[in-house]
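Subject: Structure handover and notes

Dear colleague,

I am passing on the structure below, and my notes follow it. Please read them with the model open beside you.

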Amino acid sequence: MAQGLIEVERKFVPGPSTEERLQELGGTLEHRVTFRDSYYDTPELSLMRADYWLRQREGSGWELKCPGAAGVSGPHTEYTELTAEPSIVAQLCEVLGAEVPGAGGVAAVLGPLGLQLVASFVTKRSAWKLVLSGADGEERLLRVDLDTADFGYAVGEVEALVHKEAEVPAALEKIHHLSSLLGVLEQGRAPAKLIVYLQRFRPQDYQRLLEVYGSKEKPGTGDLD
């Protein structure tokens, strides 16, 4: 698989004072933005059931989230993000057992790979960033996104991006520390917007995912983010 950044994230349910708390901690509001996300998969959800999440974001292009290291536990998730279309196409073909086409971007392979629109919704986001020092004295930039989807669901995400697997534990330590400062329950787990969308509007597809992930609510999808 083509190498990309490793995204370590934790989703949570924001409260009415979350933004105020971020300001108190020295956080900076980067921007407020509204965008549409569209997710694609096969009718059988072959990608999502294998923990791959293909998204087209309005104004940002395509992204494929690929599962991170096995054995990651707790209310956080770890993904490798691919944003270069040739890398995305190659990975899609590998996961779906198809031959890699000679040329063309993601849009050109949707039909041949049997990929169709599964979900599409608009999100209003406030994006924050702040720097936390860990026990080792190392500073790490963390990003916090506070999202409200157009179907009435609000969710937050604390995220750190690292370049290699060895950096993941330190990133998790910072994420857990910030989560506690924000008052997020240690065992709390908030589902991603896509999961809630499927549960509400495509219950059969939601059940397909439950067959794979069981009672563990898959926060996956990065849609946050």
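How many aromatic pairs does a search of the whole structure find? The search finds seven, where rings of Phe, Tyr and Trp (its six-membered ring) pair if their centres lie within 6.5 Å, and planes under 30 degrees apart count as stacked, over 60 as edge-to-face and the rest as tilted. This is a predicted model, in which local features need pLDDT of at least 70 and side-chain atom pairs count only at pLDDT 80 or more, while totals for chains, interfaces and linings use all residues. Residues are numbered from 1 along each chain as its sequence is written, and side-chain values use heavy atoms, with hydrogens and water left out.

One of the pairs is Tyr39 with Phe121, which is stacked, at 6.2 Å centre to centre and 25 degrees between the planes. This pair links distant parts of the chain, as Tyr39 lies in strand S2 (residues 28–41) and Phe121 in strand S6 (residues 116–133), 82 residues apart; helices (H or I, at least four residues) and strands (E, at least two) are DSSP runs, numbered from the N terminus. Tyr39 is buried, with a relative accessible area of 1%, and Phe121 is buried at 0%, where buried means under 20% relative accessible area, exposed over 50% and partly exposed in between (1.4 Å probe, protein chains only).

The rings of Phe151 and Tyr197 have centres 5.7 Å apart and planes at 70 degrees, so this pair is edge-to-face. Both Phe151 and Tyr197 are buried. Ring pairs link Tyr39, Phe121, Phe151, Tyr197 and Phe201 into a cluster.
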